[in-house]
Amino acid sequence: MKKIISLFALVATLLVLVPSCVKDLDTVPLDKDVLTPDQVFSDPASYKAFLAKLYAGLSVSGQSGPSGDADISGIDEGFGQYMRGYFYHQQLTTDETVMGWNDQTIKDFHGHVWGSGDNFIAAMYYRIFYQISVANEFIRETTDEKLDSRGVSGDLRTQIAQFRAEARFLRALSYWHALDLFGNVPFVTEKDKVGAFFPQQIQRAALFEYVETELLAIEPEMVGAKSNEYGRADKAAVWTLLAKLYLNAEVYTGTQRYADAVEYSSRVINAGYTLEDKYENLFLADNDQCDEVIFPVTFDGTYTKTYGGTTFIIHAAVGGDMNPADFGIDGGWGGIRTTKSLVQKFYPDVEKGLKVSPTPKSVKDYPVLYVPGSYQDWDPTNTTTVIASVLSDGKYEGYFYFAAGDQFKFTDGPTWDVNYGDTGADGTLDPGGDNISVSEPGVYKINVDLPGLTYTIVKTNWGLIGDATPGGWTDDLDMTYDTASGMLSVVADLTTGSVKFRANDGWDIDFGDTGLDGILEYGGENIPIADAGTYTVSLKVGPPDYTYTIVRSSFDKRAMFHSAGQNLEINDIGTFTEGWAVTKFKNLRRDGTTGSNLIHTDTDFPMFRLADVYLMYAEAVLRGGGGSLAEALNYVNALRTRAYGDDSGNITATELKLDFILDERARELYWEAHRRTDLIRFGKFTTGDYHWPWKGNVPDGTATSSHLNIFPIPSSDIGANPNLQQNPNY
Amino acid sequence: MRMLLVAMMVAFGLQMHAQNVSLTGKVTDASDGFSMPGVTIAVKNSTMGTTTDFDGNYTLGVPAGATVVFSFVGYETQEFVVQKQQTLNVALKAAVTYLNEFVVIGYGQVRKGDATGSVTSVSVKDFNQGVITNPMDLISGKTAGVNITSNSGAPGSGSTIRIRGGSSMTASNDPLFVIDGVPVDNRGIAGTRNPLSTINPNDIETFTVLKDASATAIYGSRASNGVIIITTKKGSNKDGKAIKLDYSGAFSLFTIPKKREVLTGDEFRAMLTEKFGDKPNVLALLGNENTNWQDQIFRQAFGMDHNIAISGQVSKLPYRVSLGYADFDGVLKTDNMKRVSTGIILNPSLFDDHLKINLSAKGTFNMQRFGNEGAIGSAIQMDPTQPVYDEGNIYGGYWTRLQLNGSPVTQSTKNPLALIEQREDKSKVNRFLGNAQFDYKFHFLPELKANLNLGMDRTATYGDIFVPGNASFNFDALDGGGTIGVYEEKKSNELLDFTLTYAKELSTIQSRFDVMGGYSWQHFYRESSSSSTNDTTSPFFVNKIASPLSDFATESYLVSFFGRFNYYFKDRYILTFTLRNDGSSRFSKETRWGLFPSAALAWRIMDEAWMKQFDNLSELKLRVGYGVTGQEDIGVNDYPYMPVYVYGQNTASYQFGNEFYQTYRPGGYDANIKWEETSTINLAVDYGFFRDRIYGSLEFYTRKTKDLINFIPIPAGTNLSNYLVTNVGNLTNTGVEFSINAKPVIKKDMQWEIGFNATFNNNEITKLTAIDDPAYLGVFTGGISGGVGSTIQIFSVGYPSYSFFVFEQVYDQDGKPIEGLYVDRNKDGKITDDDRYHYKKPAPDFTLGFYSKFDYKDWTFSFNGRANFGNYVYDNFNSNNATYERLYRPEGPYLSNVGSDVNEAGFYDPQYTSDYYIKDGSFLKLDNVTVGYSFNDILGKKTNLALSATVNNVFTISKYNGIDPEIFSGIDNLMYPRTRAFVLGLNFSF
C-alpha cells in the first residue's frame, strides 16, 4: 500500500511538473553573440555597431571574417561579397576584363550570354536587396518613437540622426546599383515590415525619382564634405552619387539631366579634394591616405577580412610568371586579365608587336678575362663579370657599372693564380699589382691589351640619337642605368626614322646595328624605326656581345600591365597567360612594405574619387550641360599631367571630344567598376559601334542583343514573387 | 556435498542407461495432420539426436529411460520419456509462443502476431559478421526499405541511412535513433566521424526498424524518416547462473580494393611535352621522378577489438558488465581510432515482479587521430614527376613547389605526405549514456502498468589540431604559419518519459484491448568553443595571430503527450490508433504544437476457419495503416522564428576613422515556421508457407510530405536575408518492399537459411515554390569540385530530389564525345543554359539484399550482400581532373596530374555539366563472407570457443570504373576508400 501511495505521489508530482515543463518551450538564445532586439538596443554603442554593419555590407560577406557566417545564401560566400559581385557585373562584361575560371557561369559575363538563372547575377541582386533590407531595418529602429521609448537623448540622439541619414544614403547607393544593373526591381522601404509578403515592382524611371528625392532629402542632414570619419559618407558622397545619377539620366529615364550633373560634380570639385600626386598610390595598401578619395569601401587584412573586394581583385590578377611578392600577397589566383582593347588605349600600335628590335642570335664563345672586384665580392669565378676578346687577339673589351670607390683586378681564369693590377695607376698592368679603383659612379668602358700589358678605362654616358628622336642627329636623349637589370634605357616618343647609341655626347664611341641582327657594332649602321610611337629603348653593353631592345611603351604611368609571358591576343579565355595582366591594385604600402596580411589585403576600394568627378564634369559639359569648357579641359589635363609626369601628354580644346572622354575614363578608371555603365551611356556596350575580343563569345567580338543593357531579374525571385515581371527578352 | 551427490547420480545414470532402445515414428502437424520434415529430435543431456526426413519419418536409438525432445521452430516442443522400443508418432502444435514473441515498438512492445505497422527487427544472431566500428553495418542489407550506405572506409565513419527514401529536403532525412528508450540527437558529435561510433556494436542486442507511420507516429514530430530502436544487451537470469563470461576478439587487416587511375611520371612527362612542347617555362616545371602519390598516403592497416562481458545473477539481481577495447588504424596514414567502452546493466525485479527496474550505464571513451583526408585529393592531383622529399628544405624536407621568393606556391597542390604527416588532428570524446526504467504493475490492478524512463546522454569532446609553422600548406611568411587549435564541445540530452498502460481481456465479446497514455519531456543542450593561433613555437614565428574565439551554446526542448489504443477482436481483427501532441521550442507559441495521429488495421486471415483448406499456407496477414508524422530537425538554428541580432567577429569589422567597429547584424527569421508533415499510407501482406519455412512480407506505401522545411529564396527585400528556412514545397515517395526468407534444410547437423529482400522506391518533388511558375527551374544543389559554387544537381518539381541537371553530350562516329558540343534540346539554334535537362539521380530505383547461412555440425558458413539498380554517379574525379587544361595551372604556376580518362574523353577544357560524366552506378556487392568453427565444451561443460574468418567488402560487380559505385550523394569525388577487411574472430564463453 505504501508503494501505491508513493506511486500516486509520483503521478501527482508529474501532473504538477507538466505545466512547468511546457513553459520550458519558451527559450531564448543562449549564445552571448546572439541577442534579442531589446538586449541589443539597451546598449548605446549598438547604434554605431549597427551602422557599421550597413557599411560592412559593402565590404565583408558576413559576421565572421573572412567567411563562416554569411549574410546571403545560395552562393559561395566570397562570390557573394558586394564589391566582388559589382566588379563582375561592371568589369567582366566589358573590354577591360576577362575571367579565366570555370566557376559556374562566370564566363557568360564576358561572352554576353547570361540568363535569368545565373547564380552570380542572383548574388548581386540579393546583395543589393540585403543592403536595402538592413538599411530599412536601421531606419525602422531609429524612428523618434523608438528612440523616445528607449529614452535615447542628447549627443547620442544627434549622432543617430546622422547615422540615419547615412543609412538612407547607403540604401540610395544600392538602389542606384539596382536601377543601373536591373532596371525594374521590387521596391521596399522602411514602411514594409520584415515578413512574408510580395513587394511591388517599381519601374526604372520611378526608382530614379525615388533615389534622387532621397538624396536631395538627406543632403542637408549629412556631415559636410571631408568632415566625417574616414570610411563614412558625407555631403560629397551624396553629390557624387547625384552627379552619377544625372549623368546617366537619359539611360535611366529617357530625359537628359546634364546641367544637374555639372552642378553636382562642381560641388564636389569645389569641396577641397586634391588629386593624389602619384596615380599608383590610389591603389596601394595605404590608400586611405589619399585625399582624392571621396567615398571608399574599406578593407583590412586584420579587421575587415573577406574573399571579395580588393583581396579578390589583387589575387585574381596575379598568375603566370608574375611574382606574388611584388603584389604583397601569398600567391596568385590567376583569373582576371585584360583585352588588347584596353592595352591599345595606352599603346595604339601594340598589335604590331611590342618588341620592334631583332632578337640576337645565340652568342658566341669568346676568350675572356675575369674582372673580380669589390663590386662583386672579389669572386674570380663569376663568369658574368668578364671582358671578352672578340677577335681572340689578346685584346679584351667590356663595360661595367661601378659605384664610387669600387676596386677591381683582372685574372686570367676563374682563380687568383694569374692576376693583374696596376701599381702606381700608370695604365700598365702589373702581375699581382695593386687594385685598380674608380672615383665616380658610372658605366665604364674597359679595354685590356694583355700581350702589351696595358689597359684603358673610360667613363661613358650613353644617349639615344637619330632623326627618329626629338633632338634629331644633334641632341641625344640621355639613357639611365638600372643596376638590377644592368641595362641602360630611355622612354622616348619616336617618329619614323632611325636611331643610334652614342657615348659622352660625341661620336668617339657609338653603336649601330649592321645587318640588323640585334648585335651592336661600333660605328654600325643606323637602326630603323618603322612606326611613330612611344618606345622604351634599352642598351645592354656586354658581356660579351652588346645588344639592345626597342619596345613599344607608354609615357602614361597609368598603363600598369604585366606582359612578360602573357599573350596580348586571347585564344582561350580560360588560360590566364592569354591577355595582358593588370598590375594596378597591390597590397603594398607606398614605402614598399607589405600590407598587414598576405591573404587579406589592406587596400581600400575607391568607389568615388575626384578624378572620376573631373571626367564626369568634362563629359557633362561636352554633352551640353553648361559649365565651363576651359575648366573641363583643365580638369582633364590635370589627370594627363599626373599620368605623364609633365604636360607632354596634355590635350588641346579641340581634342576634348566625347570619344576621348570615354577612352580617358578607361585609362584613368579601368578596373574601378565604372566601365559597363560608361559603355552603355556611350551606346557601345551591346551595339556594333565597338567590339572587343570575345564580346558576344567570338574572338574578334560582335554586336550583342540590346536587352543585355540591363540584367535579368533572377528567376528565383520571379518564382518567389508573383508581382514581378521579367525584364524584356530574358 | 550436494554437488558430489548429483555427480554420482549422473555417473550411475549413465551406467544404468547404457542399454539402447530403438525409436521410430512420424511427426505431423497437429493442425492439419501433414507430415513435418526437418523436425529436430534430441536426447536430453546428450549429443544424440536426429531429424525427420522429407516424409516426417525418423529412426533414433536412445538409451532406455532417456527423455526425447521433439522441437521445430515456431512449434511447441514436446518431450517423451522412452523406456522401451516403440513407435512414437508425434503431432506438433504450432507454438503460441511464436506469436507471443515480442518486438519492441515505441513506448512498449507488441506480440509479433499483433503488430499492425511495418516493424522489422534484427537481433544479434542475424547480425552481419565481422563488423567492426560502425553499428549500422550490423544490419546493412538485412531489411527491405532500409538503405544503409557507409560513408567511407575511415575507422569510426558513419552511414547514411534512408528508410523508404528521404521524405525531407533541407531538413534531415536521417531516421530517429532511440537507444534503450532514449531518443538521441543525430546532429553529430564534434571529434567523431559518426555519433554511433561511440556505441560498442558488441553491446547491441537488437535493431528494430519502424517504417510506416502507424508504427512511427507515436514519435510524432521526429518520425517522418523512420525510427530505429536499438536495445542493448541486458542482464540475464535465464539459466540462473551466477556468472557467465563471454569474450570476443577480432583481429583485422584492412586493404584498399582499388585506386584511382592517374598518369605515371613517365606518362605525365610525355603528355606535357606533347601538349606544351613549345613552352619552355612550362616544361621547366617538370621533375624526373616517378612517384605514385597514392602509394605514399595509403597503407595496409591493422585493427583489433576485444570485448568481455560478464553476466549472470547475484541473489536475484541479474546483471551484465561489459568492457570493450578497440584500436583501429585507418588505411590513410596516421588515421587511428581507439575506443574503450564500459557498460553496466542491472535488472532487479521487486515485489513479486511487480516492479521491474532496468538500470543501465554506458561509458565510452573514444580517442581518435584523424588522418588528413585532404591528402586523398592531393595525391591524385600531385605532379608525379616530383620526389616525395627534398632533404633539407625548410618545409620539413617534403618536396614543395616554390615561388621566386622561396615561399610555397599557394595554389599548387600540396605534398600529400606532408599534409598527412604535418597535421596532428586529435580528439577525445567521452560519452555517457544512462537510463533508469521503472516498470510497475499495480498490485491492486495488475492490468495497469506504469513506466517511468529517465534517460541521459552526455558527451564531452576535446580536440586539438597542430600544424607546425614550417608546413608548406599552412605557411605565412609575414607572421609565421602553422596552427595550434583547440576545440571543445559538450552535449547533453535529458529525457523523462512516463506512461500508463492498461490492458484488459473482454472474453464475453471475444475482445481484448490495451490503452497507453504518456508524457515525455526532452531537453537538448549543446555548447562548443574553438580557438586557434599560428604556431607560436615555430622558429618561423613572428607575430601571434589568434583567430577569434568562437563559443556557442544552444538548446531546445520537446514536450509531448501521446497515447495508443489497441483493440483485438477474435484475435483476428486488430485495430491500432495512436496520437501524439508535440510541442517544440524551435517554433513560435502559435505554431509550436503539432498533432500526429495514426490508425492501422490488421486482419489475421490465416486464423479464419475457411483458411484451413490451404494446407501449405502457414501465415497470412493483411495490414493497412495511415498516419501523419512530422519533422522538426531544421538544422543548426534552434530559434528560426525569432528576430535576433548577431554580433560580428572582430575580423568582420568596419573602419570608421582609425577605429574598427564590430557590427550588429539583424538576422532573417520566419515567425510562422512550423513542422513539415508527412502522411503515409501503408498496405502490407505478411505470408508464410510450409509451417513458416518460407515466410516474408510484401508492402506498398506512399508518403506525402507537405510544408517541407526548406531553405529557399524568399522574395527579395522582404526579410533580412535572401534565403530562409521556411515551409514551402511538397514531396512524394512511393514504393514497394518485398522480403522472403527460407530454410531449405533443417536437419540436426545441417541447417541452411537464406533470405532475400527487394525494395523499389520512387521519389518526386511535387511543389517547390509559393507560386507555381512553370519557368522556375528549381533549386540548384550538389556542389562539385572544379569551379567554386558549381553544382550538378537540382530540386525541380516533377523530378526526383537531387536529379542531375546536365547538357546532353554529342558523340562522334567512334563514340568519342565532342568537346563543347551538346544537343540543342530546346531547338532555339543556340546552346545556352536552357538546353540542360534532368537526367537520372543518385538514389537507386531498386535495392536488393540477400544472405545465406549454412551450418554443418560445428561449422558455419555465411555470406550476405546487396545490389542497387538505377543509381547514377557523377564522375567528378574525371570531370575535374581528366582534361588537358588541368596539366599546367598558370595560377601557380604548377603542374597537376590528370586522370587516365583524359585519353578516353580527350577534353581540353573541363566539361563539368556534360552528361558524359553521369555514369550508371548499379552494383552487386558481396559484403561479407564468414567461415566459423566452434569447439564445444572445450574447457568443461558449457564452455565454448568459436573461431571465425571473415572477409568484408569481398567484391563489387559494376560497370562503373571508379573506385566504388556506391556513393550516396551521387557525386564521386575521392572519398576515403571503403576498405576490404580480413577479420579473424574469436569468441569464448563459459
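Biologist: What do the buried residues of α17(A) pack against?
Modeller: They pack against α10 (235-247), α14 (340-346), β29 (605-609), α15 (610-622), α16 (629-644) and α18 (675-681) of chain A. Packing here rests on contact, meaning heavy atoms within 4.5 Å. Helices (H or I, at least four residues) and strands (E, at least two) are DSSP runs, numbered from the N terminus. This is a predicted model, where local features need pLDDT of at least 70, side-chain atom pairs count only at pLDDT 80 or more, and totals for chains, interfaces and linings use all residues. Residues are numbered from 1 along each chain as written, chains are lettered from A and ligands numbered from 1 in written order, and side-chain values use heavy atoms, leaving out hydrogens and water.
Biologist: How many of the 12 residues of α17(A) are buried?
Modeller: Nine, so the helix is mostly covered. Buried means under 20% relative accessible area, exposed over 50%, partly exposed in between (1.4 Å probe, protein chains only). Among the nine are F660(A), I661(A), L662(A) and R665(A).
Biologist: What span should α17(A) have, at 1.5 Å a residue?
Modeller: It should span 16 Å, and its end C-alpha atoms are 16 Å apart, which agrees. The expected span is 1.5 Å times one less than the number of residues.
Biologist: Which residue just after α17(A) takes a positive phi?
Modeller: W671(A), at about 65°.
Biologist: Switching to the interface. How many residues of chain A are in contact with chain B?
Modeller: 114 residues of chain A, with 95 residues of chain B. The area buried between the two chains is about 8600 Å². Carbon and sulfur atoms give 61% of that. Buried area is the accessible area (1.4 Å probe) that two parts lose on being put together, summed over both.
Biologist: Which three residues supply 9% of the area that chain A buries?
Modeller: L25(A), Q63(A) and Y303(A), more than any other three residues.
Biologist: How many salt bridges between the chains?
Modeller: Five. A salt bridge is a side-chain nitrogen of Lys or Arg within 4 Å of a carboxyl oxygen of Asp or Glu. One of them joins R665(B) to D69(A), with the closest N and O atoms 2.8 Å apart.
Biologist: Which element gives the largest share of the side of chain A that touches chain B?
Modeller: α1(A), with 10 residues.
Biologist: Last topic, chain B. How does β38(B) pair with β39 (residues 723-727)?
Modeller: In the antiparallel sense, over five bridges. Two strands pair if DSSP finds at least two bridges between them. P713(B) stands opposite Y723(B) in β39(B).
Biologist: Is β38 (residues 709-713) mostly covered or mostly exposed?
Modeller: Mostly covered, with four of its five residues buried.
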